[in-house]
Amino acid sequence: MGDIVCISHLRWDFVWQRPQHLLSRLARQGRVLFVEEPMADAGDTTPYIEISPAQNAPGVTVIRLHYPLAEPRWIGHGDTLTQPTYTHLLKEYLQSEDYGAGNGPLLWLYTPMALDFADNIKHKQLVYDVMDQLAAFRGAPPELLAMEEKLLHCANIVFTGGVSLYRAKLPYNPRTYLFPSGVEVEHFAQAANRQAFPPPLELTGLSGPILGYYGVIDERMDLELLAHLAAAHLEWNIVLLGPILKIDQADLPTAPNLCYPGMKTYDQLPAYLAHFDVALIPFAMNEATRYLSPTKTLEYMAAHKPIVSNPIPDVAELYGEVVRIAHSPPEYVAQVEAALLAADTIQRRPKEDELLARYTWDNIAAQMEKIVSSIQFSVVS
C-alpha cells in the first residue's frame, strides 16, 4: 500500500479503537502518518506542527497543528481559521519526508471535514473509512452531511464499520465494502479467567453481581435505563468505565450501586472485564445510535461474558444469536436476571468462536490491504 496519511477526528492516545487497530497493523507494511485535529494554544505566537511517534504502534507518526488563539476553543478539521495553515504545513512536511514519492501517499480519511486535505494534497488513492454517522452526533458541523456526500462520490474506496452504515453509503459509491469492527481475541480472552486478575481498586470489596460497561459515556447512553437497573436490584453493582464527553456529568444518574471509575487504558480493560458478571451495551435508541456497531460487543464475547443490549440494529443483526436483546428497561432487567442465572456458556461458545474467528483485526486489515492493492489508482493533484 505504500505510505498512508490518515486524517482523523480522534486523538491517537484517546480510546483505542478502529483507527488505532487498523493503522497499527497497516504500519507493518509502510509508514503511517496520523493527522490529528488542531490544538488551540494561548501561549503560542506562531502556528507550528508537533510530530511524535505514536504510542504502542511502531511505524505510526502522529502530527498535530498548534494554533495560537487568545481564547482557546475546540478546533476541528475544516475550521476556516486554521485549515489553510494546516494544509500548507502538512504539504511541506510530506514533501520534506518524501511521503508517497511519485504519485503521492494513500490518503485515508475518517472525517468528511478533512476534504480540504484531499483537495490540495497529491495522493494516489483516497480511502474513506466510515466508523460512525458523524452527522448524527451532538455538535456536528451543519456542513458535514454535504461534505460527506462529496467525499463518498470522490473516494476510490469506501469502507464501513457496520451493516447499517454499509447500506446507507453504498448508493453513493459502488466500491463500498463492509468491514464491521473487529477484535484482538487474545487480549480479551485473558478476561475469561477471573482468577488471573486481582480485582481492580474500584471493584475491591463489592458484593453482589457486577454489571459492567466500558467505552465513551456520551449522548448515546441510555441514562433512563441505567437509573432503572440501579433501582431494580440494589444488590447489583453497575460499573461504567470511560471518559464522559458531550454531556454534563451532573446529568448522569447517581445511586449507591452506580459507579463511574473514569477512563481506563486498552491494556487495563481485561482486568476489569474479568470481574464483570454481565457485560452491558446500554445505548439509547436514537439518531446517534442508528448506525452504531459497537466494537466492545466482540471484546466482551472474547471473554465469553453474557451480554445484554438494547436493540441496536447492527448488534441484533450481527450478534443476535449470542447477545440478549431487550426492548425496554423492564425487559433489560429481566434479561440481566436471566443472564445471571443461566449456565449457557458452553452453548454459546461455538457461535462465539465462529464470530471471533471471522472478525479479527488482523483479518480485517489484511482484507482491506488486498482490496486497496487490487483497485487501479488514479493520481489526484
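Predicted model: local features only at pLDDT ≥ 70, side-chain atom pairs only at ≥ 80, totals over all residues.
Trainee: Is Phe188 buried or exposed?

Mentor: The cut-off for buried is a relative accessible area under 20%. Phe188 has a relative accessible area of 0%, and therefore counts as buried.

Trainee: How many aromatic pairs does a search of the whole structure find?

Mentor: Rings of Phe, Tyr and Trp (its six-membered ring) pair if their centres lie within 6.5 Å, and planes under 30 degrees apart count as stacked, over 60 as edge-to-face and the rest as tilted. Searched in this way, the whole structure gives a count of aromatic pairs of 13.

Trainee: Which class of pair do Phe188 and Tyr266 form, and how many residues apart in sequence are the parts tied together?

Mentor: The ring centres of Phe188 and Tyr266 are 5.5 Å apart and their planes stand at 80°, so the pair is edge-to-face. Helices (H or I, at least four residues) and strands (E, at least two) are DSSP runs, numbered from the N terminus.

Trainee: Which class of pair do Tyr213 and Phe283 form?

Mentor: Both partners are buried, Tyr213 with a relative accessible area of 0% and Phe283 at 2% relative accessibility. Tyr213 belongs to strand 10 (residues 210-214) and Phe283 to the loop between strand 13 (278-281) and helix 9 (296-302), 70 residues apart. With ring centres 5.9 Å apart and planes at 85°, the pair is edge-to-face.

Trainee: In which strand does Thr160 lie, and is Thr160 buried or exposed?

Mentor: Contact means heavy atoms within 4.5 Å, and, leaving aside neighbours within four places in sequence, the contacts of Thr160 include Arg18, Asp129, Tyr166 and Phe179. Thr160 lies in strand 8 (residues 157-160), and at 0% relative accessibility Thr160 counts as buried.

Trainee: What is the phi of Lys246, and what is the phi of His304?

Mentor: Lys246, in the loop between strand 11 (237-241) and strand 12, is partly exposed, with a relative accessible area of 40%. His304, in the loop between helix 9 and strand 14 (307-309), counts as buried at 11% relative accessibility. Neither is a glycine, yet phi is positive in each, at about 60° for Lys246 and about 55° for His304.

Trainee: What percentage of the residues in the protein are buried?

Mentor: The protein contains 13 helices and 15 strands, and its C-alpha trace spans about 60 × 50 × 40 Å along the principal axes. Of its 381 residues, the buried share is 57%.

Technical notes. Residues numbered from 1 in each chain as written. Heavy atoms only, no water. Buried < 20%, exposed > 50% of the residue type's maximum accessible area, 1.4 Å probe, protein only.
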